[in-house]
Amino acid sequence: MLRILYSDLHKIINSRGLKFSLWFCLIYPVVQALVLYLVVHTYMGDELAGEDTLFSYASIGALLVSAAVLYLTVSDFSDGTIKNKVINGAKRSDIFCSAVCGGMFAGVLTSVFCAAGELLAGFIFTKGYEILTKADIAKYFLALALASAAVGAFATMLVMIFGGSFFAYIPGLVIAFFFRVISMRVADKLYPENGVTTLTGTRLKVYTLYDRYFPYAHFTNYLRWDLLSYVIGAAILIAISFILGVIIFNRKEFK
């Protein structure tokens with residue numbers, strides 16, 4: 001397992017696709033903040049607050065992690081890497097678990113570089129943070145890192161299950177987009193502009209559980225729950241990814 005994991009992590013670290021993704025994560029928040037600064041400063045005569053630069057990753061995080069995982073993992077099927085590992089005697093469970101760990105690693109790296117870009121943008125273009133403390137910002141980035149790791153694990157599971165077919169390219173990105181839309185709808189219902197939700201009963205409980213514990217819903221502008229809720233949500237999705245994925249991958253036939 002450790003030998004396979006070392007090989008997979010070495011491949012991930014040296015991947016041109018991941019390097020491009022990480023540079024994008026670093027530069028994107030700065031460019032977005034620059035555009036926002038020019039608009040606010042030029043047309044409104046006002047200054048940006050640090051909080052205005054913190055949320056560029058939240059809107060695209062799940063899609064970005066899913067895309068990175070897809071690029072890193074799906075090629076292992078097309079070039080025969082996975083099949084060769086099996087032929088050479090590697091346990092399927094080890095191959096799968098190593099891939100999922102690699103997906104989690106890629107997810108965390110993505111969130112870390114975006115966090116660095118957002119902090120850099122805040123330092124360059126804003127007058128500082130008005131509401132959030134350093135502890136709040138650290139918790140926010142940690143919650144995003146947990147969500148990114150969980151999405152990385154789940155997206156990798158999907159690729160490993162459907163790898164070897166064209167369908168492997170579809171589920172991760174579609175699911176990320178789907179849950180992005182669902183998460184926005186849930187947030188609108190739970191936290192309307194007037195501050196009073198109209199949800200009641202079972203619907204309120206389901207929406208609240210989704211918002212509190214489902215990692216795809218954690219790519220939001222502000223922390224709405226305690227950090228333990230984000231840890232539990234990420235741990236549940238990661239555990240599901242490992243357990244369900246190993247069961248299916250062990251039965252998968254390679255062409």
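Modeller: Leu2 counts as exposed, at 69% relative accessibility. This is a predicted model, where local features need pLDDT of at least 70, side-chain atom pairs count only at pLDDT 80 or more, and totals for chains, interfaces and linings use all residues. Residues are numbered from 1 along each chain as its sequence is written, and side-chain values use heavy atoms, with hydrogens and water left out.

Colleague: Why is Leu2 called exposed?

Modeller: Exposed means over 50% relative accessible area, buried under 20%, partly exposed in between (1.4 Å probe, protein chains only). Leu2 has 69%, so Leu2 is exposed.

Colleague: Where does Leu2 lie?

Modeller: Leu2 lies in helix H1, residues 2-13. Helices are DSSP runs (H or I, at least four residues), numbered from the N terminus.

Colleague: What makes Gly195 exposed?

Modeller: Its relative accessibility is 60%, so Gly195 counts as exposed. Gly195 lies in the loop between helix H7 (171-190) and helix H8 (201-213).

Colleague: Is Asp211 buried or exposed, and how do you know?

Modeller: The relative accessible area of Asp211 is 2%, so Asp211 is buried. Asp211 lies in helix H8.

Colleague: What joins the side chains of Asp211 and Trp225?

Modeller: A polar contact of 2.8 Å. The term needs a pair of N or O atoms within 3.5 Å; within protein, one must be able to donate a hydrogen and the other to accept it, and residues adjacent in sequence count only if both atoms are side-chain atoms.

Colleague: Which residues does Asp211 touch?

Modeller: Not counting residues up to four places away in sequence, they include Val186, Leu190, Tyr191 and Trp225. Contact means heavy atoms within 4.5 Å.

Key
Helices (H or I, at least four residues) and strands (E, at least two) are DSSP runs, numbered from the N terminus.
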